[in-house]
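Student: I would like to learn how to read aromatic contacts and sheet layout in a protein model. Could you walk me through it?

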Amino acid sequence: MGHVVGFTEMLKQFQSGGAGQIQMQRAGQAMAYHEFYQDDFRPRDHYLPMWEHIQTTGQQILGAKARDAHLTLHTEGVTFTVYSNDEEGIERVWPFDILPRIITAIEWAQIEAGLKQRIRALNLFLKDLYHGQRILKDGVVPPELIYRGKDFRREIMDITPPHDVYTHISGVDLIRDEDGRYLVLEDNLRTPSGVSYMIENRIVERRILPEFFARYRVRRVEHYPALLLQALRYLSPRGADDATIVVLTPGIFNSAYFEHTFLAKEMGVELAEGRDLVCKNDKVYLKTTQGLRQVDVVYRRVDDDFLDPLVFRSDSELGVAGIINAWRAGNVALANAPGAGIADDKAVYAYVPDIIRYYLGESPILPSVPTYQMTDHQDRMYVLDNMEKMVIKAVAESGGYGMLMGPSSTTAQRSEFARKIEENPRNYIAQPVIQLSRHICYLDGELESRHLDLRPFSIYGSDIEVVPGGLTRVAMTKGSLVVNSSQGGGSKDTWVLAD
């Protein structure tokens, strides 16, 4: 009984945090939606079995499970790299909270439909941008917004990728607002990362807490590599049966290198660096001990700038000279397609609802976060006058870099960002601060609430497949809204319940 009483006290403690939020709401401040418990602090219906089991398990056993999870991740080498100001990487064990986030079947149905709609529209947008540019001529999206975008690649105009697919792999970031609505925070269509951690989270959770799964019907995520392999084979110019596929990595110093090796191993394909490939007669070949072997599909985890020194950055040693010409000739497929980054440009993000209506004739299923364009004079003046209430983001940055969190910023930081915005308005957007939803976490022997988001992963092959789950990223620091692992965030296993 002692353990149950201890957990009851813990529940009271994190409920008191919710009571503090009610005081905030009465004072006119937004109150974050809590995933786990309702307004009266009772666990939501789909969390009741888990909560009953937590109380029965007790603090001592749960603490042992948390230590086992960390040890398992350390033993299996599940790591990521954090870069400091001097660009030296520090390898760390993947941070993982053992209490899963649970999404009901009804909630997931809306998420899945919204993601498919969004990815289909963005793919049509990219096809149009690099061919007829109808959407620009019709004035739906300002042409200067595209032409001044860092990730619009004029070098690939009029190249038609296999099956007209540009967005083969996507990771669209979702949040829940104060009312519990799912909103799209941003799109990731270049080289989205995190799927290996989604799978490792599930593997560890099943190994450490199999009794949790006995109380739920949880849909699988472990089949993602098989879905990815099937989609990559579908792209092969020589047919799926004869496809030779490689994962192109920048190398061991890349922060996502663990993921590159993980996916290559799980799919049973070669992991290659640029120096392992060569182009001849507009074809790509892998260097092997038996000689050159023609490559049909390159799942590239190298950014556009470094992909082909003959087309993009001439000083790059990470890519393959001639690979764009091979792609243009139709002899190799590249996933994701070069140039796809303009569709996840944070300044273009504000136009995605219009893009969906334009190409699909449908209203967006998943709403977007209100976004202020710094190229618009009125928007810019409003943001500069209200920086302490805003999140300001550099349009081409990721991983939590190039961002100002207004409420926690200093006067000096706001002044610095104001200067940058005035110098280059196209490079920044601003959004109001949204209190990300919260969830209980087991941290250092205590139950505490932390903010989180969700990155589901989608694969576009013969059709769009959304893996039922995703990477739930958690802001491990109390009160923080920054969930990126590079900024000290952690993760949870994400359960989507079967019907």
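Predicted model: local features only at pLDDT ≥ 70, side-chain atom pairs only at ≥ 80, totals over all residues.

Student: Where in the chain do Tyr 216 and Trp 495 lie?

Tutor: Tyr 216 is in the loop between α8 (210-213) and α9 (224-235), while Trp 495 belongs to strand β23 (residues 490-496). They are 279 residues apart, and the pair links distant parts of the chain.

Student: Is Tyr 216 buried or exposed? And what about Trp 495, buried or exposed?

Tutor: Buried means under 20% relative accessible area. Tyr 216 has 12%, so it is buried. Trp 495 has 0% relative accessibility, so it counts as buried too.

Student: Which geometry does the pair of Tyr 224 and Phe 457 have?

Tutor: Tyr 224 and Phe 457 are edge-to-face, with 6.5 Å centre to centre and 70° between the planes. Tyr 224 sits in helix α9 and Phe 457 in strand β20 (residues 457-460), so this pair ties together parts that are 233 residues apart in sequence. Both residues are buried.

Student: Which residues do ring pairs link into a cluster?

Tutor: Trp 94, Tyr 197, Phe 258 and Phe 262 are joined that way.

Student: Now the charges. Which rings have the charged end of Arg 153 or Arg 206 over them?

Tutor: For Arg 153 the ring is that of Phe 312, with the charged end 5.3 Å from the ring centre. For Arg 206 the ring belongs to Phe 213, and the distance to the centre is 4.3 Å.

Student: Let's turn to the sheet. What is the order of the strands in the open sheet of 4 strands?

Tutor: Read across, the order is β14-β17-β15-β16, with antiparallel pairing. The edge strands, β14 (372-373) and β16 (403-405), each pair on one side only. Strand β15 (residues 390-394) pairs with β16 over 3 bridges in the antiparallel sense. Along that pairing, Val 391 stands opposite Met 405 in β16.

Student: Which helix packs on the sheet?

Tutor: That is α14 (residues 411-423), which touches β15, β16 and β17 (428-432). The direction of α14 makes about 140° with that of β16.

Methods. Residues numbered from 1 in each chain as written. Heavy atoms only, no water. Helix = DSSP H or I, 4+ residues; strand = E, 2+ residues; numbered from the N terminus. Buried < 20%, exposed > 50% of the residue type's maximum accessible area, 1.4 Å probe, protein only. Phe/Tyr/Trp six-rings, centres within 6.5 Å; stacked < 30°, edge-to-face > 60°. Lys NZ or Arg CZ within 6 Å of the ring centre and 35° of its normal. Pairing = 2+ DSSP bridges. Contact = heavy atoms within 4.5 Å. Axes fitted to C-alpha atoms, helices over the stretch in contact; angles between N-to-C directions.
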